[in-house]
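Good morning, and thank you for coming.

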Amino acid sequence: MILKTLDDLLGEGVSGRRVIVRADLNVPFDKANPGVISDDGRARAVLPTLIALRDAGARVIVMSHLGRPKGAPDPKYTLQPVATRLGELLGSPVVFATDTVGSDAAAKVEALTDGQVLLLENLRFNEGETSKDDAVRAAFAAELAAFADFYVDDAFGAVHRKHASVYDVPAVLPHYAGGLVIKEVDVLKKVTENPEQPYVVVLGGSKVSDKLAVIKALLPKVDKLLVGGGMCFTFLKAQGHEVGKSLLEDEMVATCRDLLSEAQGRIVLPVDVVAATEFSADADHVTVPASEIPADRLGLDIGPESVALFAEAIGGAKTVFWNGPMGVFELAPFAAGTRGVAEAITKIDGFSVVGGGDSAAAVRTLGLDESAFGHISTGGGASLEYLEGKTLPGIEALEK
Ligand SMILES: Nc1ncnc2c1ncn2[C@@H]1O[C@H](COP(=O)(O)OP(=O)(O)O)[C@@H](O)[C@H]1O
Ligand SMILES: O=C(OP(=O)(O)O)[C@H](O)COP(=O)(O)O
């Protein structure tokens, strides 16, 4: 990667200068306790960058998205609790702006003193952040850029998004890659260029349509692609099975059918599923064959036979990449599939990468040994698209 890094910026001197940092503070919240962060790994991952800038006397403006609000303020997705947590981790309070580029943000940017850190409200409360219209994104980016002298991208988890804060702000400010982005790309580069065979990819989670697109590109590169989590039901439907009330992307069923035929047995699907009456920890649940999901139930985890099948494929691998929990691991009755697959990955005689906000959170909240994985990446979609060989908009913008 030929690009300027945070060290270059620190070398140029930042005392008294305003630096805007794109971070990925899209942390998971406790499903049972709204407002309580269940895993602060992504906030911890950006700390070295924030500390280095703070200690060098910069006036630090942090920006991030949280969840997928629809371009307007939505209290459900406020970054306020993240500002509080970030302050605790930094050991000094983080100022919070209640808007992103409005009057509160402008006043707080103006009032920043050397070494202070400010977090702007959720970028996605503004339609300019994710707009497909270049001019609309550029206009929002110009408002963000006006706050600062320099731009640092340390949001690896979002580098695959062609969004204003990722792609357009670096077009108008001197730009630098943070240490997290550099570290993540270094590891993934090795896996992309020369994965030791057999190479097994495990996919799950709930961002089904995003990740189905990646499968086609990854298929020729892998020995086996194991599909669990919310991803598997569109494939099961494509095989002709009914999936009840499970997560389903109806319009992708035909694509999945094509992928299954192209894969010639290399896509492995669950053979049993934990089917519940509703999306709740107290719901009645039974393990059923994947071909017999009752019409009034939804699959919330893969079953034990699937775990054994997946563990066997993983056990023979020299390289494993895993993104996306195998089930709704946040609810105890549906955590066994994720735990089983994660444990199998920790035992391989080879190199493993876990990617994704929720997958990394699962490793930690289920109490697995983090050191047993080769690398735990903060980005799921970002690392998948990197492995696919795509040029990522955030990296491209930094290289320009
Ligand atoms: N069968 C399922 N039905 C609905 N949601 C699921 C299912 N399996 C996993 N999930 C959910 O997927 C979410 C994580 O998906 P995703 O964002 O794609 O992963 P990551 O953040 O690791 O990239 C988790 O919150 C988990 O509860
Ligand atoms: O959580 C994220 O990605 P991931 O679930 O693929 O790890 C990133 O914060 C990107 O979020 P987005 O997929 O809503 O753009």
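Does Asp-349 count as buried or exposed? Asp-349 counts as exposed, because its relative accessibility is 58%, and exposed means over 50%. Please keep in mind that this is a predicted model.

Let me stay with this residue. Asp-349 forms a salt bridge with Lys-318, and the closest N and O atoms are 3.3 Å apart. The two partners belong to distant parts of the chain, 31 residues apart. Asp-349 sits in the loop between helix H13 and strand E14, and Lys-318 in the loop between helix H12 and strand E13. Lys-318 is partly exposed, with a relative accessible area of 26%.

In general, side chains of opposite charge can pair when their charged atoms come close. The structure holds 23 salt bridges. One of them joins Arg-137 to Asp-168, with the closest N and O atoms 2.7 Å apart. Arg-137 belongs to helix H6 and Asp-168 to helix H7. Both of these residues are buried. A further salt bridge is formed by the side chains of Glu-262 and Lys-216, at 3.0 Å from N to O. This pair links helix H11 with helix H9, across 46 residues of the chain. Glu-262 is partly exposed, at 36% relative accessible area, and Lys-216 is also partly exposed, at 49%.

I turn now to the ligands. Around ligand 1 there are 20 residues, and those that come nearest are Lys-211, Asn-323, Glu-330, Asp-358 and Ser-359. A side-chain N or O atom of Glu-330 is 2.5 Å from an oxygen atom of ligand 1. Asp-358 places a backbone N or O atom 2.9 Å from an oxygen atom of this ligand. Of the 590 Å² that ligand 1 exposes when taken alone, the protein buries 92%. Which element gives the most residues to the shell around ligand 1? Helix H14 does, with three residues.

Ligand 2 has 15 residues around it, with Arg-68, Arg-124, Arg-161, Lys-207 and Gly-381 coming nearest. A polar side-chain atom of Arg-68 lies 2.8 Å from an oxygen atom of ligand 2. In the side chain of Lys-207, an N or O atom is 2.8 Å from an oxygen atom of this ligand. The protein covers 95% of the 390 Å² of accessible area that ligand 2 has on its own.

Thank you for your attention.

Key
Residues numbered from 1 in each chain as written. Chains lettered and ligands numbered in written order. Predicted model: local features only at pLDDT ≥ 70, side-chain atom pairs only at ≥ 80, totals over all residues. Heavy atoms only, no water. Near = heavy atom within 4 Å. Polar contact = N/O pair within 3.5 Å; in protein donor to acceptor, adjacent residues only side chain to side chain. Areas by Shrake-Rupley, 256 points an atom, 1.4 Å probe, with all protein chains shown as cover. Helix = DSSP H or I, 4+ residues; strand = E, 2+ residues; numbered from the N terminus. Salt bridge = Lys/Arg side-chain N within 4 Å of Asp/Glu carboxyl O. Buried < 20%, exposed > 50% of the residue type's maximum accessible area, 1.4 Å probe, protein only.
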